[in-house]
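Subject: Structure handover and findings

Dear colleague,

I am passing on the structure we discussed, and below it you will find an account of what came out of the analysis. Please read the account with the structure open beside it.

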Amino acid sequence: MSTPMSSPRRLTVRIGPNPPDRLDKALARDAPEAEGLTRSRLAKLIAAGGVMRGGAPLTGPRARVAEGDEIEIAFAEPAEVAAAPQAIPLVVVHEDADLIVIDKPAGMVVHPAPGSPSGTLVNALLAHCGDSLSGIGGEKRPGIVHRIDKETSGLLVVAKTDKAHAVLSAQFAAHSVERHYRALVFGLPDPADPRLRGLAGVSFEPGGVMRIATRIGRHPSDRQRQAVLASGGRHAVTRVRVVESFGTPPAAALVECWLETGRTHQIRVHLAHVGHGLIGDPVYGGRRKLSEKAMGAEAARAADSFPRQALHAATLGFVHPGTDATTRFDSPLPADMAALAAALRG
């Protein structure tokens, strides 16, 4: 049987009226919101013997509780994580006791993985934040609540406390976070194009906004890619608005994309689905090239040699977990995309 773990801090939770029939559900309901105790976090504490009633450990999340029960939770010091702190320069857009907003450069992986064990955003944040990390899920680490691809640049919010992690994760799950991207694409997504109006999942809204609503999941034959699926996968919605067109006739465009959902590679997959893949995207952009006749030789060469998908997370808005204030951050186009846009203008 597990034994209670030693702890510098303990919390007593009194179970309120009409409690749920499970210990983890009751504690998630009645524990102070500031603790940010999710059911997954509570499950770990219970399994470690850190949740007690009358001094005796409660050994499973399904344990019954009654109104008036006093449940004691013992918190261990956050464990150090395997990832090593690395002094990697970061562009910090905002930082406070609850969270940090980073403008991630293209080429940086967010989280350590078998192919990228170091040099990641997490490694950099461990060094930058240091002792300001109070612990996420019992580990002294930054709380990653969303990611952007390695070769996509732009804004990311990272939690520094359990409460901030829980609140931000809930907002992402509810699709209430504002996320706008800027992208440079092949062709011009034109509401008057009958081809687009005939595509499954494509519709147009006021202001020339194209709405793409499909199911996205693993590609049936290439497990490294995502694909639009007729069935299975997960519901995904992207909206696209043209900001600027390039060429005569238009052969490329700067577009704004905003996400209603946040599936893996969603913008890249959806733009490829409608025939307007990202310039520089080696996975979903195909072998498409710009017309020198429409764009000029210099612009065509600039697009052909662009070394990454031309996608930037430009706007990020959410309700701050510490102040409840609506918070919004913006990031301009990075230098490489700005230079490509200038070349496309000719």
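By class, the residues that line the largest pocket divide into 15 nonpolar, 12 polar and nine charged. Please keep in mind throughout that this is a predicted model. The lining comprises 36 residues, and those that lie nearest the centre of the pocket are Arg147, Ile148, Asp149, Thr264 and His265. Two or more lining residues come from each of helix H4 (162-173), strand S11 (178-186), strand S13 (209-218) and helix H6 (266-273), with H6 giving the most, namely three residues. The volume of this largest pocket is about 1100 Å³.

As to the protein as a whole, its secondary structure amounts to nine helices and 18 strands, and its C-alpha trace spans about 80 × 45 × 40 Å along the principal axes. Of its 346 residues, 47% count as buried. Among the contacts with a separation of 6 or more, 65% are made by residues 24 or more positions apart.

Turning to the interior, in soluble globular proteins nonpolar side chains tend to be buried together. Here the largest nonpolar core has 34 residues, and Leu121, Leu125, Tyr181 and Leu271 are those with the most contacts inside it. The elements that give two or more residues to this core are strand S7 (99-104), helix H3 (121-129), strand S10 (153-159), S11, S13, strand S16 (252-259), H6 and strand S17 (311-319), and the largest share, six residues, comes from H3. Apart from this core lies another, of 19 residues, which include Ala251, Met295, Ala300 and Leu344.

How many disulfides does a search of the whole structure find? The search finds zero.

With best wishes

Methods
Residues numbered from 1 in each chain as written. Predicted model: local features only at pLDDT ≥ 70, side-chain atom pairs only at ≥ 80, totals over all residues. Heavy atoms only, no water. Disulfide = S-S within 2.5 Å. 1 Å grid on protein atoms, 1.4 Å probe; cavity = no way out; pocket = protein on both sides within 12 Å on 5 of 7 lines; lining within 4 Å. Points joined across faces, edges and corners; volume = space filled by probe spheres on them. Helix = DSSP H or I, 4+ residues; strand = E, 2+ residues; numbered from the N terminus. Nonpolar A, V, L, I, M, F, W, Y, C, P; charged D, E, K, R; others polar. Core = buried A, V, L, I, M, F, W, Y, C linked by side-chain atoms within 4.5 Å. Buried < 20%, exposed > 50% of the residue type's maximum accessible area, 1.4 Å probe, protein only. Contact = heavy atoms within 4.5 Å.
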